[in-house]
Structures are given as structure tokens and as C-alpha cells.
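Good morning, colleagues. Please look at the sequence and the structure as they come up, and I will then take you through them by region.

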Amino acid sequence: FVIKEQDIPISESARRVDDGYPASLHALRDGEDYELLFTIPADRVTEFKKAWAGMSDLACTQIGTATAHAGQIGIESASGRVSLLDDEGYEHFVMAE
């Protein structure tokens, strides 16, 4: 998958964090805010968006595309540079030691 950094929905609270990390990383890694994530075949995106808009007031945002690189997730900056994301997301079902 390649995620476009500028398309990631970011909460106001994530934007206010001043710890040297970009708000987009907080949106991807923190456990307080979440959204559903799913894939749709590229040839059905337009159809899906129309159907979604007709049945829900909730936003549905396309943030990236699936690639042939299984198991790898990249994040594309506004300049077009792609970096691989590491596995540092919040784990909801892991007990702290």
C-alpha cells in the first residue's frame, strides 16, 4: 500500500501535539482517533463514492492505493517521496507488561 500523507484525515488534537513528530504520524500511530480502513477495486471507486454519499453523512476519504508490494506500507509526501512505514501503531489487544 502507498498512503498519501496529505490525504490522511487528521484530528485537531493530533495537529496540536508539539513533540517534533508530524501530525500525520500521530494520526497513523496514536490510539485515540480511529477510522475504518478498507479497500475497493480501482475500477469501482467512483461508483462506491456515489453510493456512500447517498447513504451516509460521514466522510469517506481515499488515502492511498494498493500496490504489488505485499506486506509493505509506504507513505508518500507532498513532494512525491515515498518512505516505508515501520510497525509502530497502537496495539489495542496487547496487554502492557
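Let me begin with a definition: a residue is called buried under 20% relative accessible area, exposed over 50%, and partly exposed in between, with a 1.4 Å probe and protein chains only. This is a predicted model, in which local features need pLDDT of at least 70 and side-chain atom pairs count only at pLDDT 80 or more, whereas totals for chains, interfaces and linings use all residues. Residues are numbered from 1 along each chain as its sequence is written, and side-chain values use heavy atoms, with hydrogens and water left out.

With that definition in hand, consider S77. Because its relative accessible area is 19%, S77 counts as buried. S77 sits in the loop that links β3 (74–76) with β4 (82–84). Helices here are DSSP runs of H or I with at least four residues, strands are runs of E with at least two, and both are numbered from the N terminus. Residues up to four places away in sequence aside, S77 touches E5 and Q6, where contact means heavy atoms within 4.5 Å.

I turn now to the overall arrangement. The protein contains three helices and four strands, and along the sequence they follow the pattern β-α-α-α-β-β-β. Of its 97 residues, 18% count as buried. The accessible surface comes to about 8100 Å², with 54% of it belonging to carbon and sulfur atoms; these areas come from the Shrake-Rupley method with a 1.4 Å probe, and for residues only the protein chains shown count as cover. Among contacts between residues at least 6 apart in sequence, 57% join residues at least 24 apart.

Next, the sheet. Strands of a sheet pair through backbone hydrogen bonds, either parallel or antiparallel. Two strands are taken to pair if DSSP finds at least two bridges between them. In this model, four strands form an open sheet in the order β2-β1-β3-β4, and the pairing is mixed. β2 (64–65) and β4 are the edge strands, each pairing on one side only. β3 and β4 run antiparallel and are joined by three bridges; G74 has L84 in β4 as its bridge partner.

Which residues make up the largest nonpolar core? By definition, such a core is a set of buried Ala, Val, Leu, Ile, Met, Phe, Trp, Tyr and Cys residues joined through side-chain atoms within 4.5 Å. The largest has seven residues, namely I3, I8, I10, A14, A23, I63 and I75. Beyond its neighbours within four places in sequence, I3 is in contact with several residues, including I8, I63, I75 and L85.

H26 belongs to helix α2. H26 is classed as buried because its relative accessibility is 12%. Its side chain makes a polar contact with the side chain of D19 at 3.0 Å. A polar contact is a pair of N or O atoms within 3.5 Å; within protein, one must be able to donate a hydrogen and the other to accept it, and residues adjacent in sequence count only if both atoms are side-chain atoms. Leaving out neighbours within four places, H26 also touches A14, V17 and Y21, among others.

A second polar contact, at 3.4 Å, links the side chains of Q62 and K49. Q62 lies in the loop between α3 and β2 and is partly exposed, at 39% relative accessible area. Q62 and I40 are 22 residues apart in sequence, and their C-alpha atoms are 9.7 Å apart.

Finally, the aromatic residues. Rings of Phe, Tyr and Trp (its six-membered ring) pair if their centres lie within 6.5 Å; planes under 30 degrees apart count as stacked, over 60 as edge-to-face, and the rest as tilted. This rule gives two aromatic pairs. The rings of F38 and F48 have centres 5.6 Å apart and planes at 70 degrees, so this pair is edge-to-face. Because F38 lies in the loop between α2 (23–29) and α3 (45–55) and F48 in helix α3, the pair ties together parts 10 residues apart in sequence. For F48 and W52, the centres are 5.7 Å apart and the planes at 35 degrees, so that pair is tilted. F48 and W52 both lie in helix α3, four residues apart, about one turn of the helix. Together, F38, F48 and W52 form one aromatic cluster.
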